[in-house]
Amino acid sequence: MSYQAFRIPNNILFGEGAFEYLGTLKGERAVIVTGGSSMKRLGFLDKAKEILEKAGMEVEIIEGVEPNPSIGTVNRGAEKMRQFKPDWIIALGGGSALDAAKIMWVFYEYPELKFEDILEINSIPTLRKKAQFVAIPSTSGTASEITAASVITDTKKHIKYPIISQEIIPDIAIVDPALPAKMPPHITANTGMDVLTHAIESYVSTGANSYTSPLAMEAIKLVFEYLPRAYKDGNDMEARYHMHNASTIAGMAFNNSFLGLVHSLAHKIGGMFGITHGLANAILLPYICKYNMKNTDRYAEIEKVLGVSDLVETLKEFNRKLDIPLNFAALEEVQREKFEEVLSKMSENAYKDPCTLTNPRPTSPEDIEKIYRYAF
Ligand code: NDP
Ligand code: MN
């Protein structure tokens with residue numbers, strides 16, 4: 001037997017009021033990294049600053065991380081950190097803000113490193129010589145507050161680079177449902193389907209084990225029960241609470257079991273056409289469930305727990321409930337001519353995505369092309 005690892009942040013605070021945990025941090029200087037405007041508009045940025053200042057820290061803010069953050073944004077943030085010299089980095093926002101802050105942290109600690117130097121898995125040298133890292137997610141989706149991953153985009157080459165290293169697992173995750181509570185319905189639906197995809201792909205992954213499976217199954221149950229409620233009524237705080245936890249729980253699972261073909265295909269079609277990550281996952285999920293089903297009895301276990309007889313149909317019905325289309329052709333950002341033009345290259349690239357390695361059914365670029373066609 002070869003041994004396995006189970007890695008998560010040292011400290012996970014969850015539930016309403018967890019945000020206040022910021023007041024217990026001890027240090028000199030904290031930098032807050034956040035996105036475009038939502039955290040400011042909703043008052044969480046000012047509140048974080050106030051709590052940290054009350055705890056005796058000097059605070060600086062790095063704002064304006066864009067969705068699908070770029071190398072340029074990361075470099076600018078790292079430069080600011082090198083000047084300010086924080087001992088705490090507080091990443092506050094969606095997956096994009098959290099991901100960007102993680103790589104700013106790397107270049108703050110190691111100014112001599114270049115982006116190309118950290119692309120190989122686990123190639124980031126030991127962090128925490130200058131700062132520790134707190135992640136406060138404002139979407140219930142990517143679970144970047146838990147994971148060893150960050151996705152950064154080269155905007156010149158139009159390529160999304162997944163950067164994977166256990167070094168960038170945050171020290172502290174603050175999972176407070178007050179933050180995602182004001183997400184508009186379509187962001188709730190898309191990010192929530194990212195959670196369901198993480199949970200299902202983790203459960204059926206060839207890397208699943210007895211540490212990850214109970215977490216993945218718990219997240220599946222929570223999403224089925226609470227995502228439709230959070231979508232329908234954003235003020236349903238019980239639903240928001242359970243969805244926010246589901247996101248983190250799914251993160252604990254997939255960070256240690258890895259994912260599968262849904263993410264491989266979503267990364268490539270998402271990058272090519274600019275489709276939101278969770279939406280691309282949602283559309284692909286039923287098709288890949290169908291493709292994988294005969295190779296593993298894990299889907300049957302999910303059907304049993306959910307009390308349904310046909311998971312593929314159940315997933316399609318679930319998308320309908322969230323007003324998510326069943327095919328890519330329904331999205332205005334996707335054009336048929338371009339799809340035909342890029343299909344073969346896109347399928348090859350999806351085949352090479354690291355998420356393909358743990359898919360329960362061995363696959364090929366030809367099979368992936370077929371799946372893309374069905375989902376189109
Ligand atoms: P983003 O962080 O990209 O945010 C999407 C939009 O939602 C932004 O316009 C943002 O606005 C807004 N928003 C965020 N929080 C709220 C809120 N509470 N209320 C209202 N609006 C809000 O979305 P995701 O969280 O889905 O992150 C996606 C990114 O994460 C992608 O780059 C993807 O590739 C990456 N990813 C990372 C993974 C990882 O393991 N690290 C795994 C999978 C994907 P504003 O900017 O104004 O805050
Ligand atoms: Mn995802």
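**Pockets, metal and fold**

Mentor: Let's start with the second largest pocket, which has a volume of about 260 Å³. Keep in mind that this is a predicted model.

Trainee: Okay, which elements give two or more residues to the lining of that second largest pocket?
Mentor: Those are H9, helix H11 (311-321) and helix H13 (365-375). Among the lining residues you'll find Tyr287, Lys290, Val312, Lys316, Lys370 and Tyr374.

Trainee: And by class, what does the lining of the second largest pocket have?
Mentor: It has 6 nonpolar and 6 charged residues, with no polar ones.

Trainee: Switching topic: how many cavities of 30 Å³ or more does a search of the whole structure find?
Mentor: The search turns up 3. In the largest cavity there's about 50 Å³ of space.

Trainee: Which element gives the most to the lining of that largest cavity?
Mentor: That's H5, with 3 residues. The lining includes Thr188, Thr191 and Gly192, along with others such as Leu227 and Met243.

Trainee: How do the residues of that lining divide?
Mentor: For the largest cavity, you get 5 nonpolar, 4 polar and 1 charged.

Trainee: Now the metal. What are the protein donors of the manganese ion (ligand 2)?
Mentor: Asp194 (OD), His198 (NE2), His263 (NE2) and His277 (NE2), and they lie 2.2 Å from the ion. Along the chain, the donors follow the spacing D-x3-H-x64-H-x13-H.

Trainee: So which parts does the pair Asp194 and His277 tie together?
Mentor: Asp194 lies in helix H5 and His277 in helix H9 (residues 277-292), so the pair ties together parts that are 83 residues apart in sequence.

Trainee: Are those two buried or exposed?
Mentor: Asp194 is buried, with a relative accessible area of 3%. His277 counts as partly exposed, at 24% relative accessibility.

Trainee: Let's zoom out. What does the secondary structure of the protein come to?
Mentor: There are 13 helices and 8 strands. The radius of gyration is 20 Å, close to the 21 Å that the globule rule gives for 376 residues, so the protein is as compact as a globular protein of that length.

Trainee: And what box do the C-alpha atoms fill?
Mentor: Roughly 55 × 50 × 45 Å, taken along the principal axes. Buried residues make up 57% of the 376 residues.

Trainee: Last one: what about contacts between residues at least 6 apart in sequence?
Mentor: Of those contacts, 78% join residues at least 24 apart.

Technical notes: Residues numbered from 1 in each chain as written. Chains lettered and ligands numbered in written order. Predicted model: local features only at pLDDT ≥ 70, side-chain atom pairs only at ≥ 80, totals over all residues. Heavy atoms only, no water. 1 Å grid on protein atoms, 1.4 Å probe; cavity = no way out; pocket = protein on both sides within 12 Å on 5 of 7 lines; lining within 4 Å. Points joined across faces, edges and corners; volume = space filled by probe spheres on them. Helix = DSSP H or I, 4+ residues; strand = E, 2+ residues; numbered from the N terminus. Nonpolar A, V, L, I, M, F, W, Y, C, P; charged D, E, K, R; others polar. Donors = N, O, S within 2.8 Å, 3.2 Å for Na, K, Ca; no water. Buried < 20%, exposed > 50% of the residue type's maximum accessible area, 1.4 Å probe, protein only. Rg over C-alpha atoms; globule rule 2.2 N^0.38 Å. Contact = heavy atoms within 4.5 Å.
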